[in-house]
Amino acid sequence: MATRLVGSLGTLAALIGAALLSPTAGQEQAAAPPLVVTAFGDKPAPPYTGRRTSWGDPDLQGAWSSDDTSGIPMSRREEYGDRLYLTEQELAERTTQVERGVQRAENEATSSFRGDFARRALPQTSLIVDPADGRLPAFTADGAKRPMPRGTYGNGPLDSYTDFSGYERCITRGIVGSTLRVVYRNGQRIVQAPGVVALSYEMVHDTRLIYTDGRPHINQSIRQYLGDSRAHWEGDELVVETTNLTDRTAIGPNGNGNRHSAQMKMTERFKRVADDVLQWQITIDDPVTYARPFTLSLPLTPLDGGKLLPYDCHEGNYAILQSLGGERAEDRALEADRKKGIIRERRPVQGGLGVGGQPVSEGAGIPNR
């Protein structure tokens with residue numbers, strides 16, 4: 001099983017400058033919608049008085065997870081139309097599926113590897129809550145030109161490290177990609193201090209420092225994978241505005257999908273709506289990439305075990321070297337076959353046989369030393 005390494009706060013703090021951010025001339029940003037509490041479906045949320053830190057801020061601290069959103073797609077299936085929530089019968093069916101998943105996980109508890117699993121059924125039909133149809137807005141002509149490289153998740157060809165995603169390179173999955181549920185390692189930890197909130201993602205060891213002390217954004221010329229986040233409190237809600245992003249991450253599980261532009265602005269809302277539910281909502285506003293802004297909202301619930309585990313993934317991981325080596329081995333095999341008069345298509349990265357019928361993945365991809 002892969003292990004995880006939580007990133008250093010000090011490293012990220014050293015990257016943050018003190019200069020002012022200048023807004024892009026003539027660019028208008030759409031207002032983010034109010035928080036949509038999805039954990040309780042179409043029923044009103046029960047009354048809840050949140051805890052406070054010793055200095056008086058709402059207390060969001062803890063180890064949280066998106067595991068319980070298992071089975072909820074980011075974009076809504078067309079059969080649900082504009083309906084955000086399941087019917088009682090549909091929710092009962094999802095509850096049965098979740099209960100079976102818990103039982104299956106308990107039966108496999110001694111396995112050397114298992115995926116994380118949901119422990120409660122949530123009533124949403126999609127994570128996207130705006131627009132009303134729950135669908136990802138269309139890409140602009142420019143946005144359609146920037147798919148994230150698929151690396152070993154696609155069929156190549158792989159000619160450079162730039163043909164791999166930031167996730168495969170162990171650099172980052174981006175803010176949205178680090179929050180959406182995937183097969184395992186969906187934890188995130190929130191720690192607060194006066195004037196700052198630190199948020200650590202379990203996989204690919206990213207940590208964000210979100211300042212609430214009123215300081216301005218850093219200079220617009222400074223671009224970061226996770227952008228520059230500034231926040232304020234609106235009652236019990238933490239409202240976070242993130243700018244200064246690069247164009248190297250995407251909006252999707254594990255940071256896959258089409259890359260957004262460097263002009264994108266994100267607005268997040270965090271609110272504790274129960275002792276065991278932290279509602280997270282994010283609005284994506286990127287007119288360069290998407291036809292309109294859109295919003296995802298989902299409940300985060302306590303992480304099983306309560307601790308983030310190390311995730312040992314680093315930028316120089318050997319998989320990149322081996323994958324590129326496998327492609328160069330196929331280059332040589334193609335040329336060898338051509339000299340024999342054999343003209344064939346390139347064998348894909350995902351499977352296929354190499355020279356002598358040997359699978360490329362079984363040694364042929366390791367470069368000679």
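Me: Two strands pair if DSSP finds at least two bridges between them. With that in hand, which residue in strand 5 does Val 196 stand opposite?

Reply: Happy to start there, bearing in mind that this is a predicted model. Strand 4 and strand 5 (residues 207–211) are joined by five bridges and run antiparallel. Within strand 5, the residue opposite Val 196 is Tyr 211.

Me: Which residue takes a positive phi in the hairpin of strand 3 and strand 4?

Reply: Two hairpins are worth a look here. The one made by strand 4 and strand 5 has five residues between the strands, and there Val 204 takes a positive phi near 65 degrees. The hairpin of strand 3 and strand 4 has two residues between the strands, and a positive phi near 85 degrees belongs to Gly 195.

Me: Is strand 4 largely enclosed or left open, and how many of its residues are buried?

Reply: Look at the two faces in turn. Val 196, Ala 198 and Ser 200 point one way, Val 197, Leu 199 and Tyr 201 point the other way, and all are buried. Strand 4 is therefore largely enclosed by the rest of the structure, and its count of buried residues is six of the six.

Me: Back in strand 3, which backbone nitrogen does the side chain of Gln 192 reach?

Reply: Gln 192 is found in strand 3, and at 8% relative accessibility it is buried, because the cut-off is under 20%. Beyond its neighbours within four places in sequence, Gln 192 has contacts including Thr 53, Trp 55, Val 197 and Trp 233. Its C-alpha atom is separated by 7.8 Å from that of Asp 59, 133 residues apart along the chain. At 2.6 Å, the side chain of Gln 192 reaches the backbone nitrogen of Leu 60.

Me: How far apart are the sulfur atoms of Cys 170 and Cys 313?

Reply: The structure holds one disulfide, formed by Cys 170 and Cys 313. The pair links distant parts of the chain, 143 residues apart: Cys 170 is in the loop between strand 2 (128–130) and helix 3 (174–179), and Cys 313 in the loop between strand 10 (294–302) and helix 4 (318–339). Both cysteines, Cys 170 and Cys 313, are buried. The distance between their sulfur atoms is 1.7 Å.

Me: Is the link of Cys 170 and Cys 313 left-handed or right-handed?

Reply: The angle about the S-S bond gives the answer. It is -70 degrees for Cys 170 and Cys 313, and the link is left-handed.

Me: With which side chain does the side chain of Ser 126 make a polar contact?

Reply: Ser 126 sits in the loop between helix 2 (88–107) and strand 2. Its relative accessible area is 0%, so Ser 126 is buried. Leaving aside neighbours within four places in sequence, the residues in contact with Ser 126 include Ile 72, Met 74, Leu 84 and Gly 134. The polar contact, at 3.1 Å, joins the side chain of Ser 126 to that of Arg 76.

Me: How many residues apart in sequence are the parts that Arg 292 and Asp 130 tie together?

Reply: Among the 22 salt bridges in the structure, the one between the side chains of Arg 292 and Asp 130 spans 2.8 Å, N to O. Arg 292 lies in the loop between strand 9 (277–285) and strand 10, and Asp 130 in strand 2, so the separation of the parts they tie together is 162 residues.

Me: Is Arg 269 buried or exposed?

Reply: Arg 269 meets Glu 234 in a salt bridge of 3.2 Å, N to O. Arg 269 lies in strand 8 and Glu 234 in strand 6, so the pair ties together parts that are 35 residues apart in sequence. Glu 234 is partly exposed at 39%. With a relative accessible area of 12%, Arg 269 is buried.

Me: How many residues apart are Glu 335 and Arg 338 in helix 4?

Reply: The side chains of Glu 335 and Arg 338 meet in a salt bridge at 2.5 Å, N to O. Glu 335, at 31% relative accessible area, is partly exposed, and Arg 338 is partly exposed at 45%. Both lie in helix 4, about one turn of the helix from each other, and their spacing is three residues.

Definitions and conventions. Residues are numbered from 1 along each chain as its sequence is written. This is a predicted model: local features need pLDDT of at least 70, side-chain atom pairs count only at pLDDT 80 or more; totals for chains, interfaces and linings use all residues. Side-chain values use heavy atoms; hydrogens and water are left out. A disulfide is a pair of cysteine sulfur atoms within 2.5 Å. Helices (H or I, at least four residues) and strands (E, at least two) are DSSP runs, numbered from the N terminus. Buried means under 20% relative accessible area, exposed over 50%, partly exposed in between (1.4 Å probe, protein chains only). A polar contact is a pair of N or O atoms within 3.5 Å; within protein, one must be able to donate a hydrogen and the other to accept it, and residues adjacent in sequence count only if both atoms are side-chain atoms. Contact means heavy atoms within 4.5 Å. A salt bridge is a side-chain nitrogen of Lys or Arg within 4 Å of a carboxyl oxygen of Asp or Glu.
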